[in-house]
Amino acid sequence: MPIHADVFGEPHEDRPQPIVAYAADVEQGVEGKMHSHARGQLVHILQGATTVFTEAGTFVVPPERALWIPSNMEHRGSYPIKTKFRSLYLREDWSVRLSDKPLVIQVTPLLRELIQELMAAPRDYALDGPVGRIAQVIVDQLKSLPDSPLQLPMPVNHVLLKDLCRSILAHPAHLPSLADAAERTRMSQRTFERRFQEETGWSYRKWCGQAKLFRALELLSTGRSVGDVAFKLGYEGPSPFISQFRKAFGTTPGKYFKT
């Protein structure tokens, strides 16, 4: 379905329309700057992948998933591969119907078609016309879709913990031991474990495992083989990697990207 020319322009959030559509292609390696929107934003990835950093945590969005970002939440995107995405900006009175926290959702065939219909329409569509009714159905769909386990909560207050987690995200193949992590954050191991749990809601071990899987999703989305990704991230082989992937996401890497 062709995309309307309006949709490729920068979105103007002060329109009366409840949903404003925006389509963009981003080159590999682009690093966005922190920003926020007055409207809630749904970022649907058609091809490629993005990692989005927010004050509430880090999120990986592979193909055929979408990230919901509540209004006025600071965030930025990173693109490890050339990425094609479609965004919907929901007016504030519509955004409040959805979660007040960012989350990744699976894009169903129905939701994908509804988004395409909105992309094919001019932005000044009639509020009480067919496109306006499609916008309403999109919100109804978003309220009913389950979220995917693609969040990595970040420390909130402790500066050294934040620095440690950023370092791990940058190099997840080389995870600091518990003793090393505690030393780097100037805490005893017991204090470190307690403080990490308080700041993120997760244990240090679980958080590190998820950080590895996040990097794996990024690499897999670029077309890397399972064996190559397992080797690059320091797994003993493809089998342990596939096992951990299945435990986290409920399916194998191959099936995950064919969903």
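Reply: This is a predicted model. Just after helix 9, glycine 250 has a positive phi of about 80°.

Me: How do you know that the length of helix 9 fits its number of residues?
Reply: Helix 9 covers residues 238–249, 12 residues in all.

Me: Which residues of helix 9 are buried?
Reply: Phe241, Phe245 and Phe249 are buried in helix 9. The label calls for under 20% relative accessible area.

Me: What does the face turned away from the buried side of helix 9 carry?
Reply: That face carries Ser239 and Lys247, both exposed. Exposed requires over 50%.

Me: What do the buried residues of helix 9 pack against?
Reply: They pack against helix 7, helix 8 (226–232) and helix 10 (253–256).

Me: Why is threonine 51 called buried?
Reply: Its relative accessibility is 4%. The cut-off is under 20%, so threonine 51 counts as buried. Threonine 51 sits in strand 3. Leaving aside neighbours within four places in sequence, its contacts are Thr58, Phe59, Val60, Arg76, Gly77, Ser78 and Glu218.

Me: What makes a set of residues a nonpolar core?
Reply: The members are buried residues of nonpolar kinds such as Leu and Phe, joined through side-chain atoms within 4.5 Å. The largest such core has 48 residues. Phe85, Phe192, Tyr204, Trp207, Phe241 and Phe245 touch the most other members. Helix 7 (residues 204–221) gives the largest share, 10 residues. A second, separate core of 27 residues includes Leu42, Leu88, Ala121 and Tyr125.

Me: Which residues does phenylalanine 85 touch?
Reply: Not counting residues up to four places away in sequence, phenylalanine 85 touches Tyr22, Ala23, Ala24, Val26, Val43, His44, Ile45, Leu46 and Tyr79.

Me: How much space lies in the largest pocket, and which residues are closest to its centre?
Reply: The largest pocket holds about 580 Å³ of space. Of its 24 lining residues, Phe53, Thr58, Arg166, Leu169 and Ala170 are the closest to the centre. Strand 3 (50–54), strand 4 (57–61), strand 6 (75–78), helix 4 (159–170) and helix 7 each give two or more residues to the lining.

How values were computed
Residues are numbered from 1 along each chain as its sequence is written. This is a predicted model: local features need pLDDT of at least 70, side-chain atom pairs count only at pLDDT 80 or more; totals for chains, interfaces and linings use all residues. Side-chain values use heavy atoms; hydrogens and water are left out. Buried means under 20% relative accessible area, exposed over 50%, partly exposed in between (1.4 Å probe, protein chains only). Helices (H or I, at least four residues) and strands (E, at least two) are DSSP runs, numbered from the N terminus. Contact means heavy atoms within 4.5 Å. The expected span of a helix is 1.5 Å times one less than its number of residues. On a 1 Å grid over the protein atoms alone, a cavity is a set of points where a 1.4 Å probe fits but cannot get out, and a pocket is an open set with protein on both sides within 12 Å along at least five of seven lines; lining residues have an atom within 4 Å of a point. Grid points are joined across faces, edges and corners, and a volume is the space filled by probe spheres set on the points.
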